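Dear colleague,

Please find below the structure that I am handing over to you. My notes on what was found in it follow directly after.

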Amino acid sequence: MSRMTISAFLSKAKQSLSQSLKSKGEHPASFVIGNESADLDSITCALAYGYIHSSTPEARKANKCMIPVTNIPSSELRLRPELTALLKHAGLKPADLMTLDDLGEVQGVLPPSTTDWTLVDHNVLQGTLGEHYSNRIVGVIDHHDDEGKVSKDAKPRIIEKTGSCNSHVVNYCRESWDSISSMASTTGAAHGQGDGALDDVAYTFTWDAQVAMLALGSILIDTINMEAEHKVTDHDRKAVKYLEAKINASAKLGPKYDRDAFFKEINDAKSDLSDVNLEEILRKDYKQWDDGGLVLGISSVVQPIQYLQTNKLDSPANLVPALLDYAKGRKLDLFAIMTAHNASDTFERQLLLLTVVEGKAVEVAEKFANENSTGLQLEDSEIEVDGSKAVWMKTWEQKNLAASRKKVAPLLREAMK
């Protein structure tokens with residue numbers, strides 16, 4: 001495989017997947033996949049890692065392509081306007097991505113022994129894919145708590161806190177990326193890109209800048225434009241410096257790049273929920289866990305609870321019944337909404353927790369509240385939310401702004417054990 005644009009790479013990856021499926025595994029398949037919430041970080045981590053890994057001299061010589069998978073059905077892509085806004089900076093559109101729909105009945109076609117999987121932005125492969133392929137995980141790059149499911153022999157095996165998982169991906173791939181960037185020979189036209197088969201390093205600089213925009217956009221979103229002191233780490237600072245150098249090296253993209261404007265464009269798109277209903281908002285950035293015989297679901301939302309009440313419902317009183325319908329549809333015992341939003345240029349968080357059933361779920365909710373109110377700086381919210389329909393419910397203003405879902409989910413899961 002020759003050096004190519006990321007658009008051409010995705011076309012090649014789709015061909016590789018098709019070949020593997022048609023041959024029923026005679027053609028081995030390598031996958032890189034983000035987590036099941038499929039947020040911007042997960043999706044672009046898989047894209048960047050797959051592109052760089054597939055562009056190395058070793059991969060090109062072996063004609064090996066790593067297939068990046070977006071861990072949702074294709075119908076869910078429309079719920080992520082920030083993704084569409086970011087992809088255009090790399091000459092891509094959502095339809096260019098591979099989703100669970102492209103995998104189809106992969107678990108019934110590809111024997112595990114003919115596949116290998118690298119996880120990014122998570123360290124446990126969930127769902128039916130996890131049931132079939134968990135023992136085929138060969139690498140992991142993540143910034144969540146280590147659940148100890150990935151072998152110590154995995155390569156890479158990077159599980160460490162940072163603002164954005166993309167920072168780990170970029171820093172890990174830096175040597176490989178620099179190596180392929182130094183190769184001036186390009187073959188975009190051979191892959192239908194229309195860039196021309198030119199020995200012109202300017203083209204590769206722009207191709208690198210496009211991939212850098214994908215990774216950088218996600219880092220800026222996750223770190224609130226590198227201004228969230230409770231999130232930003234040295235890993236993020238190192239990655240941003242490197243990525244912005246890649247962008248500025250492009251004669252096409254560099255002169256137009258402005259960090260603040262770039263962040264605002266993507267963040268404004270992310271905050272725009274005007275075209276989605278409440279159920280779609282809840283599933284847009286959703287994760288689920290089974291622990292201690294209970295099922296927990298958490299939805300992350302980029303608008304305050306008041307927005308859901310007044311903008312997405314006929315009456316504020318309908319919020320809790322709607323949340324219960326969603327939770328029951330997922331067969332949950334506990335359901336939480338975590339909001340992260342700007343109010344008058346001030347970043348704020350809210351946490352709503354309810355139980356769908358009596359018994360242990362209520363005990364877990366009360367244990368979580370009692371043990372973590374101080375650490376999470378939970379203050380009873382003055383928002384009028386009628387929780388009478390729920391078995392148990394509390395709504396808090398969360399003053400510990402550093403505690404995102406990566407922090408709160410493990411605390412809830414610990415209470416469930």
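In this predicted model, Glu 280 counts as buried, since its relative accessibility is 13% and the cut-off for buried is under 20%. Its salt-bridge partner is Arg 78, with 2.8 Å between the closest N and O atoms. Arg 78 is partly exposed, at a relative accessible area of 48%. Arg 78 belongs to the loop between strand S2 (66-69) and helix H4 (81-87), whereas Glu 280 belongs to helix H12 (residues 278-284), so the pair ties together parts that are 202 residues apart in sequence.

The structure holds 18 salt bridges. Another of them joins Asp 268 to Lys 264, where the closest N and O atoms are 2.7 Å apart. Both residues lie in helix H11 (residues 259-271), four residues apart, which is about one turn of the helix. In an α-helix there are 3.6 residues a turn, so residues three or four places apart point the same way. Lys 93 and Asp 96 also meet in a salt bridge (3.4 Å, N to O), and Asp 96 is buried, with a relative accessible area of 18%.

Please look next at the second largest pocket, which has a volume of about 770 Å³. Its lining has 28 residues; Glu 36, Gln 126, Gly 127, Thr 128 and Gln 288 lie nearest its centre. Strand S6 (286-291) is one of the elements that give two or more residues to this lining, and the largest share, five residues, comes from S6. By class, the lining has 11 charged, nine nonpolar and eight polar residues.

Finally, helix H2 (residues 40-54) is mostly covered, with 14 of its 15 residues buried.

Yours sincerely

Definitions and conventions: Residues are numbered from 1 along each chain as its sequence is written. This is a predicted model: local features need pLDDT of at least 70, side-chain atom pairs count only at pLDDT 80 or more; totals for chains, interfaces and linings use all residues. Side-chain values use heavy atoms; hydrogens and water are left out. On a 1 Å grid over the protein atoms alone, a cavity is a set of points where a 1.4 Å probe fits but cannot get out, and a pocket is an open set with protein on both sides within 12 Å along at least five of seven lines; lining residues have an atom within 4 Å of a point. Grid points are joined across faces, edges and corners, and a volume is the space filled by probe spheres set on the points. Ala, Val, Leu, Ile, Met, Phe, Trp, Tyr, Cys and Pro count as nonpolar, Asp, Glu, Lys and Arg as charged, and the others, Gly among them, as polar. The expected span of a helix is 1.5 Å times one less than its number of residues. Buried means under 20% relative accessible area, exposed over 50%, partly exposed in between (1.4 Å probe, protein chains only). A salt bridge is a side-chain nitrogen of Lys or Arg within 4 Å of a carboxyl oxygen of Asp or Glu.
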